[in-house]
Amino acid sequence: MSSLYSSGLHSHRSQSNRAPLGCGGTGDSHHRCIEIMDVELGYSLQPVSLIALLPHAHFLLHSLSPSSCLAMCSQDIRNTVGNIPMEWYKDYPHIGYDLDGKKIFKPIRTKDELDEFLDKMENPDYWRTVHNKMTGTDLRLSDEQVDLVHRLQQGKFGDVNFNEYEPAIDFFSSEVMIHPVTNRPEDKRSFIPSLIEKEKVGKLVHAIKMGWIKPRRPKETAPKYYDLWAQEDLNTVLGRHKMHIPAPKMRLPGHEESYNPPPEYLLTEEEKLAWEQQDPEDRRVSFLPQKYSCLRAVPAFSRFIHERFERCLDLYLCPRQRKMRVNVNPEDLIPKLPKPKDLQPFPTTQSLVYRGHTSLVRSISVSPSGQWLVSGSDDCTVRFWEVSTARCLKTVEVSGAVKSVAWSPNPAVCLVAIMLLNPGLGDKFICSATDQLISSYEEPEESKEQSVQWTIAEGSDHEHGQRLILKHPKAVRQVTWHGKGDYLACVMPDDNSSLQVVIHQVSKRRTQNPFRKSKGMVQCVSFHPIRPYFFVATQRYVRVYNLIKQELTKKLMANCKWISSMAVHPGGDNVICGSYDCRLAWFDLDLSTKPYKMLRHHKKALRGVAYHKHYPLFASGSDDGSVIVCHGMVYNDLLQNPLIVPVKVLKGHTITHDLGVLDVAFHPSQPWVFSSGADGTVRLFT
């Protein structure tokens, strides 16, 4: 065993002169045997250096049977690249060279990551399978080899039967021998003084005489004390130790504590009754003054132990330290906002009330001229009002509750989107031009099937102003116009259908579904006022689509539970979203996909939001019955953030069935705001 051990060390130190190891071959075969063991023992379970295991090589060989050792030694290890990183051959088709100098090509590994994962899940021997980088093959370790690797990793001996606690054999005994080990006679130089030492001593004596070497000073036995906080600043942690404040002393006893107090310190019966009814914290003294004839008649104080205990609590529970207090004016912490009177004009008072509906007024819209107002209600009617007089000029009955109405923004056309309706109000030339535009439509030769049916109103419907009737497969919740007045978008919320948003082109009577599949239930949509963008608001996100490129441009995260309404700034770079969880989110599209400001001014759900076309105003209506008007100035300078200041809370609607204001809309030219409510009224604030 010792010869194996020494020869293993020798083979490790010298590559040229290897001693035979008893494996049935030369030292070179021993080296191969060790390499085979490195492969078969699977040291990739945990990186273990073969060099570190060489001192235990004889235990490795001893633990293997002679037949397995001979089989290992006879195995052909073809790769002769030596001890180099195998990563060098990563980009090559071969992995080394055999003894004849020919390339050893890598085996074709058809396993990808998925096959490797399935093998890991299904193969019970995956944990004991190791990959040999030298040959590119997978080897399965036996139980004995796995146990051997575990023992070597734990720092134990490879041989299970080896006793590491055998009694040690002393090569040199501790007893003093009579005869010396060597019998060589003493040298002559051990009897003659050394000349080199004499020269060194002479140099040291000369250095002491010249003062170059000074003798060591005797150590001072007196102890030294240092002031740790002598140079400390009072603002540092150590400096605060010097700022100790002694505990306040107790108040000295006064006349009321005397056993024979003056008569004015004694309480009357009414004062005693009032003292007993007071809380202990509110009493001026914690005891009742009493009078005794002599000091011997004074009994023991019943609250003595309790008062001592309270005093101890005050001493160790109350912190006593000097704090550097910063004197801050509370008004300096409030952001500097302009005064509301400097931000005028904005609506302040209720001027007109438009009465006539008998149920909830869901939606309102103002004509481009600002002269007419249309409102849709749950009483299945659409009413047209004159803005300046609050007079109902026309009432159109429809087949169901009206969820949304929208007046066309094109001033050259007089159209209202419920179905497409010409109210016949205002300039007669515009009304006749509108009818002429609708009647001049010529059907194409090849008509495609559409999800929405376009029919021309006839008879009494035509007399009431209806021109085109669009039959949708589901109930329409919102309608909105493009800025040029030719395209119209409709929303039909349905989480299980891809047909939630349709866009109609009035001039060609064509309908298209812009989305193949839906990403959540659509709440509302809006067109960009300038660019070909389309805003789609689902419950939690607002997606901005490019209609020309037909791709998603941005995805805005509203940080609220359920979006209820949306409005786009006339400049196109800002969006506001109202939600049912009382929040209004202002998005700056150039800044981030998260809200620039989150306003929580309302106490209940928001139902409608709107921007003014010309004034820096936006409004929000809520179920708390109020309309909050805010100043929202957007600057042309991209480095300056928008200025958002709430300026007025407008109230007037009565809350009906827990519903308040359902929609808000601004006048196109004046700083006026219209609001419709659940009380069946429309109100104008100027």
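A salt bridge here is a side-chain nitrogen of Lys or Arg within 4 Å of a carboxyl oxygen of Asp or Glu, and the structure holds twelve of them. The model is predicted, so local features need pLDDT of at least 70 and side-chain atom pairs count only at pLDDT 80 or more, while totals for chains, interfaces and linings use all residues. Residues are numbered from 1 along each chain as its sequence is written, and side-chain values use heavy atoms, with hydrogens and water left out.

**Salt bridges**

- The side chains of Asp187 and Arg189 meet in a salt bridge at 3.2 Å, N to O; Asp187 is partly exposed because its relative accessibility is 29%, whereas Arg189, at 67%, is exposed (buried means under 20% relative accessible area, exposed over 50%, and partly exposed in between, with a 1.4 Å probe and protein chains only).
- Arg362 and Asp378 also pair through their side chains, again with an N to O distance of 3.2 Å, and this pair links distant parts of the chain, with Arg362 in strand 6 and Asp378 in the loop between strand 7 and strand 8, 16 residues apart.
- Salt bridges that share partners join Arg184, Asp187 and Arg189 into one network.
- In the pair of Glu256 and Arg251, the closest N and O atoms are 3.9 Å apart; Glu256 is buried, with a relative accessible area of 11%, while Arg251 is exposed at 61%.

**Pocket and cavities**

- On a 1 Å grid over the protein atoms alone, a cavity is a set of points where a 1.4 Å probe fits but cannot get out, and a pocket is an open set with protein on both sides within 12 Å along at least five of seven lines; lining residues have an atom within 4 Å of a point.
- The largest pocket has a volume of about 1600 Å³, taken as the space filled by probe spheres set on grid points that are joined across faces, edges and corners.
- Of the 50 residues that line this pocket, Gln478, Val479, Thr480, Met566 and Val609 are the closest to its centre.
- The strands that each supply at least two residues of the pocket lining include strand 15 (478–481), strand 23 (563–568) and strand 27 (606–611), where strands are DSSP runs of E with at least two residues and helices are runs of H or I with at least four, numbered from the N terminus.
- There are two cavities of 30 Å³ or more, and the largest cavity has a volume of about 70 Å³.
- Residues lining the largest cavity include Cys582, Arg583, His601, Phe618 and Cys630, and strand 28 (617–622) and strand 29 (626–633) each supply at least two residues of this lining.

**Backbone features**

- Most residues other than glycine have a negative phi, and most peptide bonds are trans.
- A cis peptide bond, with omega of about 10 degrees, joins Gln344 and Pro345, and Pro345 is placed in the loop between helix 11 (330–333) and strand 5 (350–355).
- Cys380, although not a glycine, has a positive phi of about 65 degrees; it lies in the loop between strand 7 (372–377) and strand 8 (381–386) and is partly exposed, with a relative accessible area of 25%.
- Asn559, also not a glycine, has a positive phi of about 55 degrees; its place is in the loop between strand 22 (551–557) and strand 23, and at 44% relative accessibility it counts as partly exposed.
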